[in-house]
Every structure is written in C-alpha cells, then in structure tokens.
Amino acid sequence: MRKILFILPLLFLSNCKDDDTINNCNFLIDVGVNASINLNLPEYSQLMFTSNTVYIANQGNAGVYVTNVGNGNYRAWDAADPNHVQSSCSFLQRDGVEVTCSCADENKYNLFTGQALGVQLPCGLKEYRVTVSGNNIVINN
C-alpha cells in the first residue's frame with residue numbers, strides 16, 4: 001500500500017510538461033465602447049453595402065472597425081492587434097476586408113471572421129456587440 005501511495009504522486013508529476021504554451025490574449029484592455037452611427041450620414045453611408053468597412057476613432061483600444069457582412073448584419077472589431085502589446089505598430093491598417101499590423105511579424109486578420117490569416121495566432125480580433133435599429137447601428141460591450 002505504501003508503494004502505491006509513493007508511486008501515485010510520481011505519476012501525476014511525470015505528466016506535467018514544461019513546454020506548455022500560454023495563450024496571452026491580455027494585451028488589450030477592456031475599454032468601455034458605446035458608439036452610435038447613423039447610416040444616413042455621408043461618412044457611414046458606405047456601410048449600406050456588403051464588404052464595406054468604416055473606422056470609428058476614439059473607441060476601444062485603438063478605434064473600431066465596423067464591417068457590413070451581408071444580410072443586414074454588421075460586425076465590429078477593435079483596431080488594435082490582440083497579439084501585441086499596445087504600441088505604434090499594433091494599430092491595424094485596413095486594406096479591403098483585411099487588416100494588418102505594421103510590427104515586424106505583420107499579423108493579418110479578416111474583418112468578416114476576426115481570425116488571423118496565414119499563420120495561426122493565439123488571439124483573434126476583439127469583437128464588440130452590434131445592434132441594428134433601422135438606419136442606426138449601436139456598437140458597445
């Protein structure tokens with residue numbers, strides 16, 4: 001019986017790995033987001049069409065991208081790269097429905113899904129809640 005009590009803890013300890021990866025998706029802080037946009041205004045009218053995106057400054061960590069994903073649905077993403085500490089290179093530059101950081105690794109994400117393109121990354125884009133009411137879109141968390 002003593003042998004079992006001695007061997008059992010050793011089995012548990014031998015199953016621990018020292019190469020476990022830690023997914024650190026804590027680079028972005030939880031900033032209150034509460035933006036309302038009116039699709040009748042010229043600066044937001046392009047959101048009436050699928051695949052179009054607008055940038056809203058002064059919201060979230062680095063602003064918010066809002067994309068029309070079709071069928072009257074919209075998605076909103078933080079404009080900061082979630083896989084980098086906040087810096088000047090972690091702002092995501094938009095090119096169509098893709099955004100890319102200007103850091104050395106040039107992380108790229110899709111604005112339809114929020115997922116990384118190319119290489120697999122631990123964190124996808126930080127998404128915010130979108131509510132549509134007539135011609136108004138409310139983005140919040």
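This is a predicted model: local features need pLDDT of at least 70, side-chain atom pairs count only at pLDDT 80 or more; totals for chains, interfaces and linings use all residues.
Local features need pLDDT of at least 70, and side-chain atom pairs count only at pLDDT 80 or more, while totals for chains, interfaces and linings use all residues. Residues are numbered from 1 along each chain as its sequence is written, and side-chain values use heavy atoms, with hydrogens and water left out.

Start with the layout. The protein chain has one helix and 10 strands. Helices (H or I, at least four residues) and strands (E, at least two) are DSSP runs, numbered from the N terminus. Along the sequence, the pattern reads α-β-β-β-β-β-β-β-β-β-β. Of the 141 residues, 34% count as buried. Buried means under 20% relative accessible area, exposed means over 50%, and partly exposed lies in between (1.4 Å probe, protein chains only). The protein chain exposes about 8,800 Å², and carbon and sulfur atoms supply 52% of that area. Accessible areas come from the Shrake-Rupley method with a 1.4 Å probe; for residues, only the protein chains shown count as cover. Contacts are counted too, a contact being heavy atoms within 4.5 Å. Among contacts with a separation of 6 or more, 45% come from residues 24 or more positions apart.

Now look inside. A nonpolar core is a set of buried Ala, Val, Leu, Ile, Met, Phe, Trp, Tyr and Cys residues joined through side-chain atoms within 4.5 Å. The largest such core has 14 residues. Ile 37, Leu 47, Val 64, Val 66, Ile 137 and Ile 139 touch the most other members. Four strands each supply at least two residues of this core: β2 (53-56), β3 (64-70), β4 (73-78) and β10 (136-140). Take Val 66 as an example. Leaving aside residues up to four places away in sequence, Val 66 touches Leu 47, Asn 52, Thr 53, Val 54, Ile 56, Tyr 74, Arg 75, Ala 76 and Ile 139. Another core, of 13 residues, lies apart from the largest one. Its members include Ala 80, Leu 92, Cys 103 and Tyr 109.

Next come the cysteines. The structure holds two disulfides, a disulfide being a pair of cysteine sulfur atoms within 2.5 Å. One joins Cys 25 and Cys 123, with sulfur atoms 2.0 Å apart. This link is left-handed, with -105° about the S-S bond. Cys 25 lies in the loop between α1 (2-14) and β1 (34-38), and Cys 123 in the loop between β8 (116-117) and β9 (127-133), so the pair ties together parts 98 residues apart in sequence. Cys 25 is partly exposed at 39% relative accessibility, whereas Cys 123 is buried at 3%.

The other disulfide joins Cys 89 to Cys 103, S to S 1.9 Å. The torsion about its S-S bond is about 80°, so this disulfide is right-handed. Cys 89 sits in the loop between β4 and β5 (92-95), and Cys 103 in the loop between β6 (98-101) and β7 (108-110), 14 residues apart. Cys 89 is partly exposed at 21% relative accessibility; Cys 103 is buried at 8%. Counting bonded cysteines along the chain, the disulfides follow the pattern 1-4, 2-3. Cys 101 is in no disulfide. Its nearest cysteine sulfur, that of Cys 103, is 4.2 Å away. Cys 101 is buried, with a relative accessible area of 3%.

Turn to a sheet. Strands of a sheet pair through backbone hydrogen bonds, either parallel or antiparallel. Two strands pair if DSSP finds at least two bridges between them. An open sheet of four strands runs in the order β5-β6-β7-β8, with antiparallel pairing. β5 and β8 are the edge strands, each pairing on one side only. Four bridges join β5 to β6. In β6, Thr 100 is the bridge partner of Gln 93.

Finish with the rings. Rings of Phe, Tyr and Trp (its six-membered ring) pair if their centres lie within 6.5 Å; planes under 30 degrees apart count as stacked, over 60 as edge-to-face and the rest as tilted. The count comes to two aromatic pairs. Tyr 55 and Tyr 65 form a tilted pair, 5.3 Å centre to centre with 55° between the planes. Tyr 55 lies in strand β2 and Tyr 65 in strand β3, so the pair ties together parts 10 residues apart in sequence. Tyr 55 is partly exposed at 36% relative accessibility, while Tyr 65 is buried at 4%. Tyr 55 and Phe 91 form an edge-to-face pair, 5.7 Å centre to centre with 90° between the planes.
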